[in-house]
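Here's a quick briefing to read alongside the model.

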Amino acid sequence: MNVVTISLALLLATSQDSARRIAIDERLAADAGLRVGDRVSLSATPGDSGRIAIIGAILRRSADPAEIARGEYRVRLHLTELQSLLGYGDRVDRFAVGTTSAQAIGDAATRINSAAFGFHAHRSRDIAVQTSATFAVVSRFHRAIGVITIVASAIFLLCIMLLKVDERRRDVAALRLMGISGRTIVKGVVLEATAIAVFGSIVGVAFGALTSWIVNAYYQSVYRSPVRFSIVTGDVVLLAVSLSLVLGIAAGWLAARRLVRTPPLMLFGR
Amino acid sequence: MLLTLAAASLLRHRARTILAVLGVAVSAAMLLDMVMLSSGMRESFRSLLLSQGFQLRISPKGTMPFDTDATIRDGDSIVTILQGMNEVKSVSPVLGGQLHIPSASGTIASSALGIIPSVEGDYELVGGRQPSAPDEIVANDALLRAIGRSLNDTVHAGAGYDSQLRSLTGERVLRIVGRARFVYMASEQKGVALPIATLRAMQGHAVDKPVSLMMVRLAPDQDIEVMRARLERQFRKVNVISTAEALKQVDERLSYFRQLAAILGAVSLVVGFLLVTTLVTVSVNERIGEIAVMRAIGVRRWRVVAQIVTEASAMMLAASPLGLMLGLVTARYLNSILARFPGVPERIDFFLFQPRSAWTALGLLAVSGVLAAVYPSWRSASLPIATTLRQEAVG
Amino acid sequence: MTALVEVRDLVRQYPMGEERVAALRGVTFDVDAGEYAAIVGPSGCGKSTLLNLIGVIDRPTSGSVSIGGARVDQLADSRATEFRLRRIGFVFQRFYLMQALTARENVELPLAEAGLKGPERRERARALLDYVGLAAREKHRPSQLSGGEQQRVAIARALANQPKLLLADEPTGELDARTGTEMIALFDRLNADGTTILVVTHDEDLARAARRVIHMRDGSIVGDERNR
C-alpha cells in the first residue's frame, strides 16, 4: 500500500457537511494537538490541497510489537475514501476473513485458494509466526544473556560459598575434634545454604517483579505503546526459583564437602 | 617484599584464588561485551553508511530509506537538478523492487535494485563487470545459488508474479554479467541490480520514472547540514537525511540495546566489586592476627593496605586476559544471534571490538577491584593492635 | 645511669559494659640499658597490658612511658609505627609468623620496611637465622617448623633492625620444657650481647634466668627484686 501522506491543516469551520469522518491514533492526536470534531485536510501527495475530513474518533494504539520504535501514525478512513484518494479504483491490499468456527478455518482457506485467482489465503497464525522473526531473534538473544548470567552467577555463588564456609574452618575443626561427623556438618551447611537460597529467591522474585514493572512503565512511555515488554509468569518464577535453589544448595554442598575432607588439625593451621 | 607477600597469600588458598579469578574474568567478559554492544552498532552502522562515500540520502517524505514501498515520482527531474548543483559531486538514484525468476525448485523471489552503474553505491563487484546494456544484471551469490546460475548465464525474470496463475508480469530475459556483494543487504538475502530504466520498464513505470532513494555525494568541503537543509527546503516532497540524522534514527530504534548494555554492564561491575570485597574481607578476617602483628613489628598502615590491594590487583590482572578471551568469544556468539534480525545488513556488527572498548572495560574493573579492596584492608590495618592480638590469642 | 625505659604512674582502663576496669593502676618503674628483667604475676594482673604500653602498641589512659629519653605514650600512629620498627623488637606467645612466607622471608619483613634492598636484606636475614641456630631452615614455612623453631624465627625477626629493647610476652608459653630451656639460653645470649630484655612470663625457669623480677598483682607492682 502506498503511504498515505497526510497533510494536516486545521481549518476554520466551513460549510463542509459532506466531509467524511476519519479515525486517528492517539499518538497523532497528541502530537498534532487534534481532537474529535477537528477538520483536517487529507491528501496522498505532500503539498497537495487534498480533501477535508472530520476527526470522528481517536483510537488507542494496539499492543503490536511490530510498531515499536516506528514513528508512524495510523489513520482509518472509509475504504472508498482511501481508494479515491490514492487513485486505486476498486483495489485492496488484502481481505480479512472471519470464519464461523475455528474448525472452519482450514476448509475456508482451501476453498478460497482453489476457487480464486490472483490472491492467496493465509491463516492469521501463520502470518503472525512469519512476521515475528524479529522477536524470535530478540528472544534468542535474551535467552543467551540469561544463560551467560546463570553461568556467571553459579561461579560467583560457588566462590562466595567457599569463602564463607572457609571462614568457619576453625569452628568446623573444633566440631570434628569433638566427634561430630562430617556428614552432620555438611548437612548443617547445606541447611544454611538452603535457607539463604530460599530467602534469596523470595527477594529475587520480588525484585524481578518490581524491575519488570519499572521496565514496562519506562518503555511504554518511551515508545508510547501499550505493549507489555516484560511479563513475569508462573513458569518464569518457577524456573528462577528452581535454578537459584539448585545452584545455592549445590554451592553450599560443594564448599562443605571440601572442608570436611580436610583433616581437622590442618584446618587449625597445624 | 610487598609482591612476595601478596603472591604468597594468593597461592596459599589456590582453589579460592582460582575461583575468584574465574569470577572476575566472567565479570570482565560481560562488561567488555556490554561496552562493545553500547558503541558497536552505532560505529558499525556509521562506517557502513560512509563506506560508499555518500553523505546525504533522499527518500519519500515521512519515510526512512527503504522503510516502505513508497517512491518519489518523477525522480529523474530531481536527479537532473541535483547534478546541476556545484556543491553536488554525484547522485545515485535507486529504485527498489523484486525480480521473480523461475527455477527448477520453483519461482525464486529476489530483491532488485534499479541503479545507474557508473554512480551506484549499493554493491561491490567480486567478479565479472558492471552492466553496460539494458538487459544486463549483477547478482549476489545467494541468488546465483538459489537459481543455479553463474556468470554469463541468462535468466528469464519478471518484476511481478501471480502465484495463483503462476505467471510473471513485466518479463524480460536478462544476462548475468557480474557477481556482487550488496552492502546493505542481509546475509542470505537474494539480490540483483540492473539498470534503473530496465527495472522501471519491467514494473510498468517507464513514464513516471519513480525512485525509492537518491544517494548524494557532495563536493569536498561542503557543509553537510547546510546542504541537507537547503535540499529539504527546495524539494518539499522528500526527506533529506544526513549520516548523522540516520544514525540518530538508528540510535532511537536500537536504544533498547544500548540501555540493556548499560544496565548489564553496571550489574557486571557491581558483581565484580562485590566478589572482590567479599574475598578481601574474608581473607583479611582470617589474617587479622597477622595484620596486627605486622603493625606491631613496625609495618606502616599504608603498606599493609598496599599489600592487600596488590593481592586484589593481581587477581584482576590474572583475570583480564581470560576475561578478554571469554568476552570476545561470547560477543561473537551473541553477534551471530543478533545478525539474524530480518533486514539487518550483513556488514552490521552489534558487538564491535575496538581496543578502546577493552581498555574501558578492563580499566573500570581494575578501578572497582582496587576500590573494593581498599576499605576492608584499611579497616583491618586500623584496628587497635593490642586488642586485636588479645582477641586472637583468646580465639 | 639514665634508664632506657622510664614508666611513670601508668594507668590503663578498659570499658566493660557500663563499668571501667583498671588493668593498670599507676605503675612506676625504670629499666636500665642492658638489663634483663622478667615481669611475673597471676593471670589478669596487667603484665601483658604493661608490655603492650611499653611496646607502643597500646596507649595509656594516663601516665607516661619514655624509651631512650623520648616520650612514646602519645605518639601519632605513623611515628609510633616507625618507633616500633627501629627501636623495639616484639616476641609473642603465639609466634605470629606469616604462614604464607618462608622463615627467611618472615625475618626480611621488617628489614624491607626499614628500606633495606634485596641482596643486603637477604644476607642480613640469613645472618639472623644463623644467630638463632636456624640457618638450615631458611626456606621452610612456619607449618613445617616446630614450635621452638617458629619462636626462634620470631626472635630473629624481632632483632632484624637491631632494636635497643626486646619485649617478649610469654615466649615459652607454647613450648615444651626442653624447648623452653633452649629459649632461655637464647635470651641469656642476647642479653650478654647487649640487648635489653623485658619479658612477661608464667615460666618460673625463665623468671629465674632473668636478673631482675618485677612482681605484679591487680594492676600494681608489689615486688621488685634482683636475682643476680
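Predicted model: local features only at pLDDT ≥ 70, side-chain atom pairs only at ≥ 80, totals over all residues.

Contact here means heavy atoms within 4.5 Å. Residues are numbered from 1 along each chain as its sequence is written, chains are lettered from A and ligands numbered from 1 in the order in which they are written, and side-chain values use heavy atoms, with hydrogens and water left out.

**Who touches whom**

- There are 2 pairs of chains that touch, and chains A and B have the most contacts among them.
- Chain A and chain C don't touch, with their nearest C-alpha atoms 6 Å apart.

**Chain A against chain B**

- Buried area is the accessible area (1.4 Å probe) that two parts lose on being put together, summed over both. For chain A and chain B that comes to about 3800 Å², with carbon and sulfur atoms giving 69% of it.
- On the chain A side, the residues losing the most area to chain B are Phe141(A), Phe156(A) and Leu163(A), together 17% of what that side buries.
- Helices (H or I, at least four residues) and strands (E, at least two) are DSSP runs, numbered from the N terminus.
- A salt bridge is a side-chain nitrogen of Lys or Arg within 4 Å of a carboxyl oxygen of Asp or Glu; between chain A and chain B the count is 0.
- A polar contact is a pair of N or O atoms within 3.5 Å; within protein, one must be able to donate a hydrogen and the other to accept it, and residues adjacent in sequence count only if both atoms are side-chain atoms. Chain A and chain B have 2 residue pairs in polar contact across their interface, both partners at pLDDT 80 or more.

**Chain B against chain C**

- Here 25 residues of chain B meet 26 residues of chain C.
- The area buried between chain B and chain C is about 2400 Å², and carbon and sulfur atoms give 62% of that.
- Met1(B), Ile297(B) and Arg300(B) are the chain B residues that lose the most area to chain C, together 28% of what that side buries.
- Arg300(B) also pairs with Glu113(C) in a salt bridge, the closest N and O atoms being 2.6 Å apart.
- In total, the interface of chain B and chain C has 5 salt bridges and 11 residue pairs in polar contact (both at pLDDT 80 or more).
- Elements of chain B giving two or more residues to the side that touches chain C are α1 (2-12), α9 (288-296), α10 (301-338) and α12 (385-394).
- Of these, α12(B) has the largest share of that side, 7 residues.
- By class, the chain B side that touches chain C holds 13 nonpolar, 4 polar and 8 charged residues.

**Inside chain A**

- Chain A has 9 helices and 4 strands, and from the N terminus on its elements run β-α-β-β-β-α-α-α-α-α-α-α-α.
- Buried means under 20% relative accessible area, exposed over 50%, partly exposed in between (1.4 Å probe, protein chains only). Of the 270 residues in chain A, 27% are buried.
- Cys159(A) counts as buried because its relative accessibility is 1%.
- Among chain A contacts between residues at least 6 apart in sequence, 71% join residues at least 24 apart.

**Spots to click on in chains B and C**

- Ala373(B) sits in helix α11 (residues 355-381) of chain B and is buried, at 0% relative accessible area.
- Beyond its neighbours within four places in sequence, Ala373(B) is in contact with Val276(B), Val280(B), Val309(B) and Ala312(B).
- Ala373(B) and Val309(B) are 64 residues apart in sequence, yet 5.5 Å apart in space, C-alpha to C-alpha.
- Helix α1 (residues 47-54) of chain C has 7 of its 8 residues buried, so it is largely enclosed by the rest of the structure.
- Val56(C) follows α1(C) and has a positive phi, near 60°.

Key: Nonpolar A, V, L, I, M, F, W, Y, C, P; charged D, E, K, R; others polar.
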